[in-house]
Amino acid sequence: MELHFITNHELTKEGNKLCVVGSWNHFSLENSTILTACKQKENQYEGVLNIECQETSVSVEYRYVEIPDEQDLDKLEDQAIWEEDCHRKVHFKKGHQPPKLICYDSFTPRYKDEDFILQTSPFYQVFYSGKKAKESKGNENLQNEVLIGEINENEIKIRFSINAFCVPKGKHVYLMGSATKMGSMEYTKAVRMQPADYSQWKSEFLIKKSELPLTYKFVIKGQDENENENENENELWYDQKGERKFTMEMIQESNKLYYVNDYSQFQFHEEILKQRKLWRIAGVSVPIFSLRTRNSLGIGEFLDLKPFADWASRAHLKLIQILPVSDTNVFGENTEDYEKKWHDSYPYSSLSSIALNPIYITLDRLPLSEELKEEIEKNRNKFNQEIDVDYPEVISFKMKVLRKIFESLDKDEISNQVSDFVKENESWLPAYALLRVLINEYKCFDRSQKVWDKYRKIDLETVLQLCSPKSERYLKVLFWYWVQYNLSIQLIEANKYLNSKDIIMMGDLPIGVDKCSSDVWLNPHLFRLHKNAGAPPDYFSMDGQNWLFPTYDWEEMAKDGYKWWKQRFHNMEKYMQVLRIDHILGFFRIWEVDPKQVKGMFGIFHKSLPFTREELKKLGIENPDEWSKPRIEKAILKKEFVNDYPKFLEEIENKPGFYKFKDKYVTQRDIKKQFPHLNKIKDEEKREHMTKLKNELLMIFSYFAFTKEGDKYHPRITIRFTRMYRELPFDLRMILREIHNKYYFRRHNKLWAKEGNQKLSRIMSVTKMLLVAEDLGMIPKCVPRVLKQLRIPCMNVERMPRKKKNFNNCEDYEYISYCTTGTHDTENLREWWVENFKWEKREIKEKLEKIEKIKKKVSNQQEKVKHLISLSSEEEEEEEEDPENEDDDPEDFSNQILEKMKLWNKKLDKNFKNNKKRLRSEEFYHTNIGFKEEEIPKEFSTEMVKRTLTNFVNSKSMICVFPLQDLFALTEGLRRPIKEERINLPSDNHHHWKYRMQLNIEDLIQNHEDFTNEVSQMIDKSDRF
């Protein structure tokens, strides 16, 4: 079949080209079809492409893109201007494809930000899903002519398609044209178009060639026929592009049959757009494990989202945000060690990027014997008496019951039941299931161990053989198919229930997967297994973070168009409409830590541009190798460890006063090995001393300025916060500081912008989900610019400012953004307030001590200067005046120093007073939430909470989400002790994720109506949704 493309577009730059790409070449720019300028019409381009027809059907997707005259593919992709993401589709059943199809289009320009949002899943699937179909149901003549079969040679078949966002209830898109069948351009005879999907409207007509040129126009008006008769033309919404024309010149060969596809964008009048309110909603964030119902079993479950949605609906909350729900059970059934099982509570370390966690299954939905029902009920009462989640006990019990249920069922029936599910998920499910089987079989998840020799490496073909129904392990594999099948059914049910309440689900996409995961096992080439992912020191952890995940080999992933990532996105679309991308900064550059190191601070960015020796020499560092090892001066060593240091340190030869670690201590792990089982030392004083010594040595190990990689050098982050740095001469400190700032804040912007844009734009192209960026931490300048270009909402947390100020004020948030009072990694409002008070108290004390120390030093200097002045005066009486030195009067010079020192003293006092006035607590209390009382309360009152939440909900941000704990803080009766409400401590790799709401959702609905009304009224007043 021949595709003839005719497209209207005004090129943005002279010399650029317009081309078309599509499903025939995987939307690749490398093999794009270049369109040529039409001689007859300005800004019109055309081109021809031949498509091989399949036996069953012809299905083609395509898209236009403007490209520069450039041969380099990387530069081509960087500078390409894609039309808005509207993959145009052409589909014909077998035998109905025409010999030639004319695709008559207009290049779709970039949508306005508010219109782009309306194209995403929250609207596509939930808020406007199916509404047009319901309105259209039962109307006759709705489907105007859809013709199948032969077309007379004197006719052409034209398919009109228009994109119109959120057509109001009671209105439809109509088409009026100069042809008789199209109403002869009379608006009262306009033909109603068929709603194809959420924003698409289509109509097909057979038009006589004698009626060409054809003039036509789109209009939005009421759907009621009686209403149409009385409808005033001034009340109609006409497409602002005006009249469009289809001419005979577009058809070059009159002896052939034609099928024309017109794909357009409805342009609303500006006045109509001004009347439209921007979409803004409020939501609540809560980990699923934190939910509590009368029927749950010691932990929140997928189906507990249904009663929670009932409460959220009453509170006028339109979004529920959850943490990752993937299977994290690395230890699982293979250990009885209670503490090790707590490791599996960490939701960001997944055994599979797609498999769901069995702990969230509702057992009551499965076939249960009377004996199992009694056992479940007994344990339900026991688990639900606990205030928090007991993850090890709950997962152990659920897995035991799941196996008992499975053993009682007919395996052939199960196999038939899950067959379609297995086939749909063949790319990941068999590998995951087999991995689970082998981990249980070997009682070991670490594939570096000898027991894994046979299956340490594997491919999909081998996996499918080992999982086939004839294999010896099939029944064991089938168990995991069955578990995942039921989990998927339950999560889909929960999501559908939310959607039925006009509530959308917001999921979480972890940045990493565990080294032991099935993803790494099946696709090791996609990962840099010799590095750990982490985060540099920031608000969450001054030591940085070492997540122990492998990093990604992005170059390898790009070879198949990021298929692995696209698979993850495609799978998550089944369960949610909004997706938080965890640590989106990792798509721009990832913090890599050597696995031999302990602390996250010892990382470097990948990709990055390290300094050469020559560059550092020009910047003032003569021998960077000397600065690439711990630099330990005697002055920085603590007296309390004077007897311990010799075991670890030795003086550098020919450099008295400087020390180095002994040769056997190459990494932090070498030091840590010298302190095994500290918690087992019974002598409390000795245990405390040894713990302090270990931390001191680990800290000293960080006293180097550069990380050497090959023959290049990366500046060590946060070097300026070390005792070593503070002891250096002023000029050297300034040199190191400038190198640090150049590397971390200026050197990489262009590289990182390219990396982030390239990955995110391609991955985003496969999903309609609304993506939200978790862009907190150390943010390069290029990141906000790229996110804005891609229209990925950034994340705003008031107490985590992006600029050098105390707060990221709500009134400054842009529309395309997400705001929240806190995340799972931060304290809730009440804890933050208390901890901030403690921090400020320490800060004031330290500032006072520092100022007094400096003032004492200045005072001593003043005395010295006065003494010098008196000496110089005595000498002057004895010496004759030297006319050549009139300008160098020592007394004048000394007096100048004295005056400067006095000014410095005043400045120190003034600086302290200013700092005192700018304390975060005072600024927040008086400025942010508007209290006039001078005395600052030590606890965060309910009124303070209300004012804080009101500020957020009144912001411009399109999505405002509150952690459940901060909503509960509105009323004293729903508050738990502050420390019990914390979900995670990012600096603690062994943290127990166990927070659970203290009352059942049913009780929340029935007994706390005043609280629910307070939340709903606050949202209603903000005019959200």
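Two strands are taken to pair if DSSP finds at least two bridges between them. The legends below refer to a predicted model.

**Close-up 1. An open, four-stranded sheet with antiparallel pairing.** The strands of this open sheet follow the order β23-β22-β25-β26. The edges are formed by β23 (545-552) and β26 (603-606). Each of these two strands has a single partner, so one side of each is left without a neighbour in the sheet. On average, neighbouring strands of the sheet are turned by 50° against each other, with direction ignored.

**Close-up 2. Crossing of helices α7 and α14.** Helix α7 spans residues 305-314, and helix α14 spans residues 474-500. Their axes come within 9 Å and cross at roughly 15°. Because angles under 35 degrees count as roughly parallel, α7 is described as roughly parallel to α14. The crossing of the two helices is right-handed.

**Close-up 3. Residues at the contact of α7 with α14.** On the α7 side, the contact involves L305, K306, A309 and D310. These residues meet E493, A494, Y497 and L498 of α14. By class, the residues of the contact of α7 with α14 divide into five nonpolar and three charged, with no polar residue.

Notes: Residues are numbered from 1 along each chain as its sequence is written. This is a predicted model: local features need pLDDT of at least 70, side-chain atom pairs count only at pLDDT 80 or more; totals for chains, interfaces and linings use all residues. Side-chain values use heavy atoms; hydrogens and water are left out. Axes are lines fitted to C-alpha atoms, for helices over the stretch in contact, and angles run from 0 to 180 degrees between N-to-C directions. Angles under 35 degrees count as roughly parallel, over 145 as roughly antiparallel, 65 to 115 as roughly perpendicular and the rest as oblique. A crossing is left-handed if the near helix is turned anticlockwise from the far one by less than a right angle, and right-handed if clockwise. Contact means heavy atoms within 4.5 Å. Ala, Val, Leu, Ile, Met, Phe, Trp, Tyr, Cys and Pro count as nonpolar, Asp, Glu, Lys and Arg as charged, and the others, Gly among them, as polar.
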